[in-house]
Amino acid sequence: MPKHSPSSLNPRAPLVLDTRDLPRRPGALRTLRRVVPAPVDLGVELIGVPAGADLDLDLRLESVSEGVLVSGTVTGPVQGECGRCLRTIDYSLTVNVQELYAYENSTTDITTDEDEVGRMQDDLIDLEPALRDAVVLTLPTNPLCREDCPGLCPECGVHWDDLPADHSHQQIDPRWASLSQLNRTEE
């Protein structure tokens with residue numbers, strides 16, 4: 001038995017999976033399709049899944065000798081802002097999830113470190129840590145609205161796409177200002 005047992009799971013929580021109806025013989029399989037609200041802080045600084053947004057879970061729960069292998073996909077909306085121009089980014093993300101959850105007091109549970117493999121509590125699986133890892137590791141740390149985003153003008157802060165091609169903030173030294181008139185052609 002692990003030295004410190006985790007707090008008890010709420011079987012009614014959206015990301016807690018109940019495996020009581022899954023036989024404990026290797027090869028037994030159950031599919032699960034569910035729409036759940038996204039947990040808080042599912043993302044990185046500039047981009048993430050909005051809290052409470054619908055996440056579509058399409059999962060397979062398969063009994064193996066060590067425990068239950070959960071695999072499948074999670075699909076949900078992603079919102080954030082571009083790291084170069086701060087424009088809004090909004091798209092849908094699909095990530096693969098695959099995690100082994102060891103039965104309590106199984107050989108895997110005894111022979112592995114606590115953070116190496118997921119643990120079942122009674123017949124319950126907490127999917128949130130695996131979901132969080134899969135989503136957060138997929139998100140870009142420096143998101144872009146498009147690959148060739150030019151960003152903002154460092155002087156005036158306007159998006160480069162909205163500025164004319166000859167835009168500049170060239171400062172002419174007042175001592176040389178009268179010489180700049182020599183380059184102009186008379187009309």
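The model is a predicted one, in which local features need pLDDT of at least 70 and side-chain atom pairs count only at pLDDT 80 or more, while totals for chains, interfaces and linings use all residues. Residues are numbered from 1 along each chain as its sequence is written, and side-chain values use heavy atoms, with hydrogens and water left out.

Asp58 forms a salt bridge with Arg33, and the closest N and O atoms of the two are 3.4 Å apart; a salt bridge here is a side-chain nitrogen of Lys or Arg within 4 Å of a carboxyl oxygen of Asp or Glu. This pair links distant parts of the chain, since Arg33 belongs to strand S2 and Asp58 to strand S5, 25 residues apart. Arg33 counts as exposed because its relative accessibility is 68%. Side chains of opposite charge can pair when their charged atoms come close.

How many salt bridges does the rule find? The count comes to seven. Another of them joins the side chains of Asp123 and Arg24, at 3.2 Å from N to O. Here too distant parts of the chain are linked, with Asp123 in the loop between strand S8 (118-119) and strand S9 (124-126), Arg24 in the loop between strand S1 (16-18) and strand S2 (29-37), and 99 residues separating the two. Asp123 has a relative accessibility of 24% and so counts as partly exposed, and Arg24, with a relative accessible area of 49%, is partly exposed. A further salt bridge pairs Arg60 with Glu62, whose closest N and O atoms are 3.5 Å apart; Arg60 is partly exposed at 38% relative accessibility, and Glu62 is partly exposed with a relative accessible area of 23%.

With these pairs in place, the overall layout can be set out. The chain contains three helices and nine strands, where helices (H or I, at least four residues) and strands (E, at least two) are DSSP runs numbered from the N terminus. Read from the N terminus on, the elements run β-β-β-β-β-β-β-α-β-β-α-α. Of the 187 residues in the chain, 33% are buried. Among contacts (heavy atoms within 4.5 Å) between residues at least 6 apart in sequence, 57% join residues at least 24 apart. The accessible surface of the chain comes to about 12200 Å², with 48% of this belonging to carbon and sulfur atoms; accessible areas come from the Shrake-Rupley method with a 1.4 Å probe, and for residues only the protein chains shown count as cover.

The side chain of Ser63 reaches the backbone oxygen of Pro23 at 2.5 Å. Leaving aside residues up to four places away in sequence, Ser63 touches Leu22, Pro23, Arg24, Arg25, Pro26, Gly27, Ala28 and Tyr103, and Arg24 in this list is the residue that meets Asp123 in a salt bridge.

Pro77 sits in strand S6 (residues 67-81) and is partly exposed, at 28% relative accessibility. Although Pro77 and Asp54 are 23 residues apart in sequence, their C-alpha atoms are 7.6 Å apart in space. Residues that Pro77 touches, not counting those up to four places away in sequence, include Gly48, Val49, Pro50, Asp54 and Tyr91.

The cysteines come next. The structure holds zero disulfides, a disulfide being a pair of cysteine sulfur atoms within 2.5 Å. Cys145 is in no disulfide, and the nearest cysteine sulfur, that of Cys85, lies 3.7 Å away. Cys153 is likewise in no disulfide, its nearest cysteine sulfur being that of Cys156, 3.7 Å away. Cys145 counts as partly exposed at 31% relative accessibility, whereas Cys153 is buried, with a relative accessible area of 3%.

The last stop is a nonpolar surface patch. Ile172, Trp176, Leu179 and Leu182 make this patch of about 470 Å²; patches consist of residues with over 30% relative accessible area and no salt bridge, like charges being joined within 9 Å and nonpolar side chains (Val, Leu, Ile, Met, Phe, Trp, Tyr) within 5 Å. Leu182 lies in the segment after helix H3 (177-180) and counts as exposed because its relative accessibility is 66%.

Technical notes:
A polar contact is a pair of N or O atoms within 3.5 Å; within protein, one must be able to donate a hydrogen and the other to accept it, and residues adjacent in sequence count only if both atoms are side-chain atoms. Buried means under 20% relative accessible area, exposed over 50%, partly exposed in between (1.4 Å probe, protein chains only).
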